Amino acid sequence: MAVSTARRPAAIGRVLIITFLTAIIFRCGVADVAPGASTSEELPHRRFEYKYSFKGPHLSQTDGGIPFWIHTGNAIPSADQVRITPSLRSQKGSVWTKNKVNFAHWEAEVTFRVSGRGRMGADGLAVWFTSEQGLDGPVYGAADQWNGVGIFFDSFDNDGKKNNPSIVVVGNNGKLVYDHQNDGTTQALGTCLRDFRNKPYPIRAKISYYKRTLTVMINNGFTPDRDDYEFCTKVDNMVLPGDGFFGISAATGGLADDHDVLSFLLFTLTEPGQQPPPPESEIPKEEKDKYQEEFQNFQQELDKKKEEFQKEHPGVQGEQIDDMYENVNDREIRQVFEGQNQIHLEIKQLHRQLAMILDEQRRYVSVITTEVTKKGPNAESGQVRGGVNANRYNMQHTVNTICNNGASGQFGGYFSFSHALVIFILHSFSRQQLKTVESILSEKAVKCPELPAMPTCLSTLHFVIFIIVQSVLFFCYIMYK
Ligand SMILES: [Ca+2]
Ligand SMILES: [Ca+2]
């Protein structure tokens, strides 16, 4: 009997681990599907538009400008980002595409950081598609009464409803004056609450306008995974101007954050089966010559620096210098391996804990069986019941502690998945153990009185949900570490 009792929890453990992994895989699978796109619906074709995009590592030119973009106010372009506003009081800045965009369907991916030392920041950052460039104004550093749409990342809670930082979509036909005092909530077409300030990784916003539906997806900056987007909001039947400018603006107030944009990538979307719009004609000769000259200057400077380095370090070969630096792919692979290693260690620890419990349980069942065989029905029922009740009391006490901590939100540091799993298995053991004892007692025609019911706060369904939530938190924790 001891062998069969030991096998069953091991099977439960295996099933739970498989469930846990399946839940994660399922979640990842769901996250990859775009909103509003059913699995049967074909995804639109995407084409990158370099003339309406910018990104590092050579984002700005030597004259301080951004190719194909203009910047105004306090915006400072540098090699790997554009600081739309520095964290100083009452700053305003913006960047806008030089030329109008006339794509029917598009998708913009904006990567940015909003960081400041205060618990609260201000004012926020806005991503625009408007018929005119809003070079200066009171709406996050851009012009009011715009014609188009603004997606606002509003840090400061002007209306005091404790619902900021939030993301708000406001459409305008050129007549509406932005309701700053109410954080635009009276005019919002869509909104979601997300804390985008001071995150370990950059925030990513994917804004798509496809078949008159504007969708905003957010990567919350907790993981380095670039594709880990979650749904924020969607606006159906949205009519935007046929052509317009893309822009990003930001402003600070009495409180101030750094608003840094790392990249803005624009893609045209084409419905499946339709021809994509023809690529735009070549850039003007004047601009082409300018970029060519820029490239040559950069190349000459690089060669000169290489030569200087060779003179200063004659023993070091050129190829070895490259090997000294970790490139982006190597870094990502290293991070993946480190993450896997951590998971492997956690699973090993879990395995060790399970083995210890199994061993203890085996001993316990064997002691009970021996005692029951030795003693008479009266003595055994009292003693065994006492032992089981004491054990059950301990289980209940542990489960109650967890329930109470969970209810009051006092898990303290990190309540690990392995602990939760161990408690669940203990719970199962308790039941199994009672059944074993009851069957022994019933053979000798002794009936135990009804035992107190287990706490109802931890049903199996709740616990499975709890495991999934814990696993996601655990992954976030590992990736963050
Ligand atoms: Ca606000
Ligand atoms: Ca508010």
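pLDDT is the predictor's confidence in each residue, on a scale from 0 to 100. For this chain, a predicted model, the mean pLDDT is 79, and 71% of the residues reach 70 or more.

**The overall picture**

The chain has seven helices and 16 strands. Of its 481 residues, 26% count as buried. Among contacts with a separation of 6 or more, 69% are between residues 24 or more positions apart.

**The seven-stranded sheet**

Start with the open sheet, whose seven strands come in the order β3-β6-β15-β8-β9-β10-β11 with antiparallel pairing. At the edges stand β3 (69-73) and β11 (190-193); each has a single partner strand, so one side of each is left without a neighbour in the sheet. On average, neighbouring strands here are turned by 15 degrees against each other, ignoring direction.

Within this sheet, β8 (residues 124-130) runs antiparallel to β15 (residues 245-251), and seven bridges hold the pairing. To find your way around it, look for Val 127, whose bridge partner in β15 is Ile 248.

Val 127 also turns up in the largest nonpolar core, a set of 51 residues. Leu 125, Ala 126, Val 127, Ile 151 and Val 216 have the most contacts inside that core. Leu 125 is a handy one to click on: leaving out residues up to four places away in sequence, Leu 125 touches Ile 84, Phe 112, Val 114, Tyr 140, Phe 153, Ile 248, Ala 250 and His 259.

**Strand β7 and its two partners**

Now for β7 (residues 106-115), which is mostly covered, with nine of its 10 residues buried. This strand pairs antiparallel with both β16 and β12.

| Strand pair | Bridges | Example of facing residues |
|---|---|---|
| β7 and β16 (residues 258-270) | 10 bridges | Arg 113 and Asp 260 |
| β7 and β12 (residues 203-210) | seven bridges | Glu 107 and Ser 208 |
| β8 and β15 | seven bridges | Val 127 and Ile 248 |

How many of the 28 residues of α2 are buried? The number is zero, so α2 lies largely in the open. This helix (residues 285-312) reaches 40 Å from its first C-alpha to its last, close to the 40 Å expected at 1.5 Å a residue.

Helix α4 (residues 328-374) has 47 residues, which at 1.5 Å a residue should span 69 Å; its end C-alpha atoms are 70 Å apart, which agrees. α4 is hardly covered, with a count of four buried residues. Those in α4 that are buried are Leu 354, Val 365, Ile 368 and Val 372. When you look at how they are placed, keep in mind that an α-helix has 3.6 residues a turn, so residues three or four places apart point the same way.

**The β9-β10 loop**

The loop between β9 (147-154) and β10 (166-173) is where you will find Phe 156. Is Phe 156 partly exposed or buried? With 19 other C-beta atoms within 10 Å, Phe 156 is partly exposed, since burial takes 20 or more. Setting aside residues up to four places away in sequence, Phe 156 touches Met 120, Gly 121, Ala 122, Asp 123, Gly 124, Asn 164, Gly 253 and Leu 255. Leu 255 sits 99 residues away along the chain, yet its C-alpha atom is separated from that of Phe 156 by 8.6 Å.

Lys 162 has a positive phi, near 55 degrees, in a residue other than glycine. With 6 C-beta neighbours inside 10 Å, Lys 162 counts as exposed.

Gln 145 is partly exposed, with 14 other C-beta atoms within 10 Å. Another cis peptide bond joins Gly 56 and Pro 57, with omega about 5 degrees; Pro 57 is in the loop between β2 (54-55) and β3.

Technical notes. Residues numbered from 1 in each chain as written. Chains lettered and ligands numbered in written order. Predicted model: local features only at pLDDT ≥ 70, side-chain atom pairs only at ≥ 80, totals over all residues. Helix = DSSP H or I, 4+ residues; strand = E, 2+ residues; numbered from the N terminus. Buried ≥ 20, exposed ≤ 12 C-beta atoms within 10 Å, placed from the backbone. Contact = placed C-beta atoms within 7 Å. Pairing = 2+ DSSP bridges. Axes fitted to C-alpha atoms, helices over the stretch in contact; angles between N-to-C directions. Expected span 1.5 Å × (residues − 1). Core = buried A, V, L, I, M, F, W, Y, C linked by C-beta atoms within 7 Å.
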